[in-house]
Every structure is written in structure tokens, then in C-alpha cells.
Amino acid sequence: MRISVCKHNSLSSSSLTQKHHTILMACKLQGTLIRCHSRSSKFIDQKERAASVVAQALVTHQTKLPQLSVTYVPPPTPSMDKNPFETAQKKELPISTSGKFGRFGGKFVPETIVACLSQLEAEFKKVMADDAFQAELAEALRDYAGRETPLYHAKRLSEYYKSRNNGTGPDIYLKREDLNHGGSHKMNNALAQAMIAKRMGCKSVVTATGSGHHGLATAAACAKLALECTVFMAAKDIERQYSNVRLMKLLGAQVEAVDGGFRDAASDAFRCWVGDLENKYHLTGSAVGPHPCPSMVREFQSVIGKETRTQALEKWGGKPDVLVACVGTGSNALGLFHEFVDDEDVRLIGVEGGGLGLESGKHSSTLSKGEVGVYHGAISYLLQDEHGQIIHPHSIAAGMEYPGVGPELSFLKESGRAEFCAATDEEALDAYQKLCKLEGIFPSLEAAHALGILEKLAPTLSDGTKVVVNCSGRGDKDAAIVFNRRLLDPQ
């Protein structure tokens with residue numbers, strides 16, 4: 001395992017105010033809040049000392065990848081039929097409620113922030129056991145967000161893949177999270193956490209967004225609950241997802257442009273929160289970061305899988321055979337997967353951003369190509385170089401450009417319970433166009449990655465296999481990108 005650490009100016013702790021001391025401590029332990037690319041021996045010594053903090057995780061995992069653009073994690077025990085997507089599964093998964101998923105997760109932050117996170121964890125536990133809060137949330141999800149979302153049988157898409165395989169193949173269903181208010185699954189978590197922020201007496205919410213879907217959901221939830229909202233977003237993402245930025249501003253949110261990518265926006269949002277812990281609430285939309293943030297996001301997104309189980313029972317009298325979701329940081333994938341983790345006969349397939357190809361170095365495939373390290377307060381898989389410095393991710397989908405992934409998905413990979421592969425930018429563009437033309441649905445480019453894997457997955461499945469793909473977001477925000485890349489006539 002390699003650990004990303006960074007240096008700051010040599011200021012004496014005694015010369016700092018408590019506020020500044022807190023900020024610098026956060027910078028030192030959060031990985032990307034202040035970045036330094038020193039290759040000096042002193043830097044290496046610091047990195048080695050930091051590694052002792054997580055000595056139990058000092059194992060580097062690298063998967064030898066096939067030359068195909070789609071990559072999977074080899075299972076512990078090969079299946080008898082040698083299906084390339086088959087994964088051996090364990091009966092018991094040691095997932096705890098303490099923020100540790102096997103060796104992943106944790107809370108690697110300064111002591112001053114530990115107290116705030118502990119307060120948040122206590123409040124989270126209270127609301128999960130509070131019938132009044134749960135009833136209020138259920139009402140908001142139903143009447144405001146528009147849940148439940150349909151489980152749609154994509155008949156023409158199913159027939160397309162069957163026609164390419166002698167008339168046999170899977171039945172493909174879409175979990176239509178794109179129909180949620182705000183156009184994505186992000187509203188599920190944003191509503192719940194905004195309600196917690198209000199309950200805790202916070203007046204202002206800060207967050208970061210990549211595709212703009214989480215920023216839009218948070219801005220809407222804050223408007224509903226009369227909370228101030230500040231959204232940090234990479235300047236390049238503001239440009240390519242400007243339709244969502246306009247909507248955020250109309251909802252009253254302040255959008256702050258940040259140099260770099262989503263990881264830099266996330267760092268700035270964290271810094272802003274650290275600067276005013278008493279009045280601000282950091283509303284994370286990604287299943288990453290220190291405990292309890294990943295667990296909260298997963299819990300509030302798990303409504304996706306719970307609805308899917310009920311709807312599948314109603315539609316065909318059983319469970320899905322295969323679940324497929326894109327993987328950026330993990331919120332929508334965990335939302336669908338979590339309900340079925342203990343169902344060993346249900347396969348869980350996560351699709352990462354393959355970018356220009358896994359061997360190009362221009363991708364966002366953390367679970368396929370990453371190594372274990374500490375980033376943004378938790379142990380997980382990361383994209384990092386030989387010096388432990390974070391590698392810039394690439395994906396045509398802004399919501400997938402993150403160099404890490406959540407600790408729970410990291411654990412599901414290592415345990416063999418879930419399988420992970422990658423779809424390239426071109427495969428995602430193909431899938432976007434295909435769903436538009438065959439079903440009249442335009443998915444986000446993030447969701448198009450999950451659809452993009454069907455080209456290789458469908459021929460390996462038996463006739464009538466029930467596949468549920470999480471259509472996690474609406475793709476009108478990406479129409480200009482698709483037009484520009486494929487030279488389509490917008491008329």
C-alpha cells in the first residue's frame with residue numbers, strides 16, 4: 001500500500017490560532033488539501049512514517065488485466081463454466097457499523113474533526129431510530145422526489161442483444177433513477193442529509209459536485225429547507241455541465257469554481273467546512289471519506305435496491321439475476337447492491353470509467369488498476385504513482401473522474417463478492433446513443449458506462465436472465481458532449 005501525504009509551510013503550531021491549526025492539520029492528513037510533488041528523501045521518510053499508521057493494510061493489490069478494454073477482478077475460485085464475469089462469493093461478509101469494511105474505511109482525520117464526525121455519527125444513529133424523522137423522509141421522497149422510481153423493461157434493448165446471439169439472451173430492466181426530481185439518484189441522499197443538517201441547527205451547507213447532479217440535488221434540498229448552500233465545482237466541469245450549474249444558481253446556491261477536477265472541489269468543500277465547524281454542514285454525496293460519511297450515503301441510497309427487490313418480485317416473481325451499476329465513488333452502485341449483498345445468487349457488477357483504455361493511463365478505473373492507500377480520511381483503493389502521489393483520473397463522464405473509491409466497494413472487490421470492469425469513453429458514447437434510439441431514453445454518461453458493458457456481458461448470459469441496470473441519471477446535461485464527439489446533427 002502507498003499512502004499519499006503532503007507538506008505545508010513550516011509554521012509553528014504555537015503561532016497559529018486554533019482555527020488555522022485545525023485547517024493545517026486537516027490539510028496534512030486529508031491527502032489532497034495541499035499537494036506537494038517533492039521527490040526528496042525527506043518526503044519519502046514522511047511517507048514511510050505515515051504508512052505505519054495503517055500497517056495492517058500494507059499490501060499492494062494489482063490485477064493482471066486482459067487486453068480487452070473490459071476488465072474484471074479474477075475470482076478466488078474459478079467457476080465451472082469459465083464465465084468471465086462469474087465471481088465466487090462468501091457466505092459471511094464482515095461489514096460492521098463502525099465504519100470499517102474489512103481493512104478498509106476508518107477515520108484518518110485530526111482530533112478536532114473527530115469530535116465533529118462523532119457528533120454526526122451520533123445524530124445519524126438517532127435519526128435511523130427516529131420514527132418521526134423516517135416518516136418525514138419517506139413523505140419527502142414520495143411527494144417531493146417522486147419515489148418510487150420505475151423498474152422499466154427495456155424490451156427493444158433486450159431484443160437488440162438477443163438478435164445478435166441467435167435469438168437468446170437476457171431480459172434487461174432499467175432502474176429509472178433518472179426520473180427522480182433533479183434528474184438522478186442524488187436526491188435520495190441530499191434530502192436526508194439536509195434534514196439532518198437542519199436538525200443539528202446548521203445554517204449553511206457546503207458540498208462538492210462533479211457532474212452537477214449532486215450539486216443540483218443539494219441546492220434543491222437546501223431551498224426546500226431554507227438552508228444556505230455553497231457548491232464547489234471544478235471549472236472544467238462547470239463548462240461541460242453548465243445546464244446543471246444554471247439550475248443550481250436558480251435554486252439559490254452559490255457555485256464556487258475550483259482549479260483541477262472533482263477531487264480538488266471535494267478538498268475545497270472540506271476546507272470550507274473545517275473553517276466553520278459550528279455553523280456549516282458538509283453534505284457529501286459520494287460514498288467516500290471518513291466514517292460515518294460513506295455509511296450515511298450508502299444507507300440513504302439503499303432505497304434503490306429495496307425498491308428493486310419489491311418490484312422484481314411483482315414483475316417476475318423472483319430476484320434479479322444480475323445487477324449492473326456504474327462506479328465513480330460508489331453511491332449509486334451501493335444504493336443498488338447493498339440490499340442484495342447477502343443474496344449469493346445475485347451477481348453484482350460495477351463498471352468504472354475506462355477512459356481512453358486501461359493501458360493508456362487515461363482512465364478512472366480505481367478498482368481495476370488502483371492500489372490501497374489513505375485518501376480523504378479513509379483507507380480504500382486509489383490511483384497513485386510509485387511515489388504515492390495521486391494520479392489524475394480521466395473520464396468523459398465528469399461524475400466518474402475521481403482517483404479513489406468508497407471503502408465498502410473496496411471491500412466488496414477484495415472479498416470477491418462483487419466484480420468490477422471498465423467501459424471506455426467510446427463504449428459509453430455508443431451506449432448513450434443506443435438507448436436513445438432503441439428506448440427513447442437519454443442516460444447520463446455516467447449511467448451509459450453501466451449500459452456500455454452489456455455489449456460484452458449479454459452474450460455470456462443464458463436466455464431469460466434478469467438483468468437490472470441502474471440508470472442513475474438523466475443525460476440531457478451530456479447531449480452537447482455526445483453531439484460534439486459523434487458529430488451528430490442536433491436537428
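**Close-up views of a predicted model**

View 1. Helix 15, which spans residues 407-415, is mostly covered, with eight of its nine residues buried. The structure shown here and in the other views is a predicted model. The buried residues of helix 15 are Pro407, Glu408, Leu409, Ser410, Phe411, Leu412, Lys413 and Ser415. Gly416 follows helix 15 and has a positive phi, near 85°.

**View 2. The salt bridge between Arg199 and Asp130.** Arg199 and Asp130 form a salt bridge in which the closest N and O atoms are 3.0 Å apart. Arg199 belongs to helix 6 (residues 186-199), whereas Asp130 sits in the loop between helix 3 (111-128) and helix 4 (131-145), so the pair ties together parts that are 69 residues apart in sequence. Arg199 is partly exposed, at 37% relative accessibility. Asp130 is also partly exposed, and its relative accessible area is 22%.

**View 3. The salt bridge between Asp171 and Lys162.** Lys162 pairs with Asp171 in a salt bridge, with 2.8 Å between the closest N and O atoms. Asp171 has a relative accessibility of 13% and counts as buried. Lys162 counts as buried as well, at 12% relative accessibility. Both values fall under the 20% cut-off for a buried residue.

**View 4. The salt bridge between Arg164 and Glu455.** A salt bridge joins the side chains of Arg164 and Glu455, at 2.5 Å from N to O. Arg164 is found in the loop between helix 5 (155-163) and strand 4 (171-176), and Glu455 in helix 18 (residues 454-457), so this pair ties together parts that are 291 residues apart in sequence. Arg164 is exposed, with 52% relative accessibility. Glu455 is partly exposed, and its relative accessible area is 29%.

**View 5. A network of salt bridges.** Five residues, Arg309, Lys319, Glu339, Asp343 and Asp345, are linked through salt bridges into a network. Over the whole structure, a search finds 35 salt bridges.

Notes. Residues are numbered from 1 along each chain as its sequence is written. This is a predicted model: local features need pLDDT of at least 70, side-chain atom pairs count only at pLDDT 80 or more; totals for chains, interfaces and linings use all residues. Side-chain values use heavy atoms; hydrogens and water are left out. A salt bridge is a side-chain nitrogen of Lys or Arg within 4 Å of a carboxyl oxygen of Asp or Glu. Helices (H or I, at least four residues) and strands (E, at least two) are DSSP runs, numbered from the N terminus. Buried means under 20% relative accessible area, exposed over 50%, partly exposed in between (1.4 Å probe, protein chains only).
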